[in-house]
Amino acid sequence: MGQSISLSLPQSPTSSTSVRVKIIALFKTLGTLTLLLIALPFNALIVLISLLWGIVRWTLPRRRRSLFTKNVVAAHPQTILVSGAKMTKALQLARSFHAAGHRVILIEGHKYWLSGHRFSKAVSRFYTVLAPQSDLEGYIQALVEIVKKEKVDVYVPVSSPVSSYYESLAKAALSEYCEVFHFDPDITKMLDDKFALTDRARSLGLSVPKSFKITDPQQVINFDFSQETRKYILKSIDYDSVRRLNLTKLPCDTPEETAAFVNSLPISPEKPWIMQEFIPGKELCTHSTVRDGELRLHCCSDSSAFQINYENVENPQIREWVQHFVKSLALTGQVSFDFIQAQDGTVYAIECNPRTHSAITMFYNHPGVADAYLGKTPLAAPLEPLASSKPTYFIYHEIWRLTGIRSWKQLQTSVNTLVRGTDAIYSLDDPIPFLTLHHWQIPLLLLKNLQQLKGWVKIDFNIGKLVELGGD
């Protein structure tokens, strides 16, 4: 594919457009801060009642107290380092390790020093580190110092899309002092590369969609779609928090529309994209914890482009696909897949993320999570969410959804979600993060953007950040 690149560069904003964007950002941020301020007393009351209940429980006789709280002392207590402190999935793992009697150290990049999860009772110490993309050596050295100072036994990265590769690069230095529950750099790179992943899976006899690596928009413009039975979609191989939600089907209605769309994307040899066959069907996502190719913990949930609700679904075809893949490569770490299940039942892996999935929140009441990560004895079967596990949601996202309700059916769906499920952040035994995420971490991020009159696309309470164009 040696065609010349014809890029349609975005026009520079005029001064009037720039002023308009800043005014919109100003009012959007002020409005959101006002809504969070209104919600603060209600949230604080819930947390206060939870704390008072905790005090009451400790005043009960030991036998009655044990009905509500179990103090677990691990047979071999370990110190576990967990990264990604701004995210709910890091909080969930910290709680799981703490509940099993282990000590948890939480870390995050300097930008997220304001993490609300650092105040969890499951967290013994909290540190911030350099952004690896700005100073890799400094980042690795900071990790080594924390591991040595805190006598860490196991490092479990809860990676962001940007940091998963850098955490692999740090593995060699850290492995002198502790176990690193993460992949080597070449494996992380392959799993994170949507095109390389499909190539590897296809070589193992696993089902994946037809895919083409795109480094030049002209490749798509010249593509002969008339020979294809299905449409295609374009995805950036590098993580793109905003454009990943755009699933425009190709070809468009006219060649001119196709060319205009493709030329609007930042495609280049340095920023390759993948053109992937669009397979109609049901979208599902998974989280799997694996050691030496053994699938030790696994869950599967219906999925969507902006996923914030998780309910475990039994899907033997997907579990077998994942088992075949991780066993063939003898993987150790955490791996998450996105699948499409076609109408004929065939499952196609469309994407892989070599990191923890937020679906891990479905294990909020499972006592075996720590052993699935730390244990070396093979399990009779992979851990799955308990039958009593409720679907998880994020209450502030659900409240926001109420503003978009336009029918009785939509209202019933929202109420059903709240009644059947449980908030992924709130815990009666550990309520403080429910307050500090919503009314400390997010407001401080908003105030920082307000100070710079900087716009944002949406708030992701699950990940604990503002979704921004070109953001992390």
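The largest cavity in this predicted model is lined by Leu234, Arg243, Asn246, Phe261, Leu265 and Trp273. Of these lining residues, 4 are nonpolar, 1 is polar and 1 is charged. The volume of this cavity is about 30 Å³, and the count of cavities of 30 Å³ or more comes to 1. As for the approach in general, rolling a probe the size of a water molecule over the atoms shows where empty space is left.

I turn now to the sheet. In which order do the 3 strands of the open sheet stand? The order is β6-β8-β7, and the pairing is antiparallel. The edges are held by β6 (211-214) and β7 (232-236); each has a single partner strand, so one side of each is left without a neighbour in the sheet. On average, and with direction ignored, neighbouring strands here are turned by 25° against each other.

Between β7 and β8 (residues 273-277), which run antiparallel, there are 5 bridges. Within this pairing, Tyr232 stands opposite Glu277 in β8. Helix α8 (residues 194-203) packs on the sheet and touches β6, β7 and β8. The direction of helix α8 makes about 150° with that of β6.

Finally, I would draw your attention to Leu30, which lies in helix α1 (residues 15-59). Leu30 counts as partly exposed because its relative accessibility is 37%, between the limits of 20% for buried and 50% for exposed. Leu30 and Leu450 are 420 residues apart along the chain, yet their C-alpha atoms are separated by 7.9 Å.

Thank you for your attention.

Terms used: Residues are numbered from 1 along each chain as its sequence is written. This is a predicted model: local features need pLDDT of at least 70, side-chain atom pairs count only at pLDDT 80 or more; totals for chains, interfaces and linings use all residues. Side-chain values use heavy atoms; hydrogens and water are left out. On a 1 Å grid over the protein atoms alone, a cavity is a set of points where a 1.4 Å probe fits but cannot get out, and a pocket is an open set with protein on both sides within 12 Å along at least five of seven lines; lining residues have an atom within 4 Å of a point. Grid points are joined across faces, edges and corners, and a volume is the space filled by probe spheres set on the points. Ala, Val, Leu, Ile, Met, Phe, Trp, Tyr, Cys and Pro count as nonpolar, Asp, Glu, Lys and Arg as charged, and the others, Gly among them, as polar. Helices (H or I, at least four residues) and strands (E, at least two) are DSSP runs, numbered from the N terminus. Buried means under 20% relative accessible area, exposed over 50%, partly exposed in between (1.4 Å probe, protein chains only). Two strands pair if DSSP finds at least two bridges between them. Axes are lines fitted to C-alpha atoms, for helices over the stretch in contact, and angles run from 0 to 180 degrees between N-to-C directions. Contact means heavy atoms within 4.5 Å.
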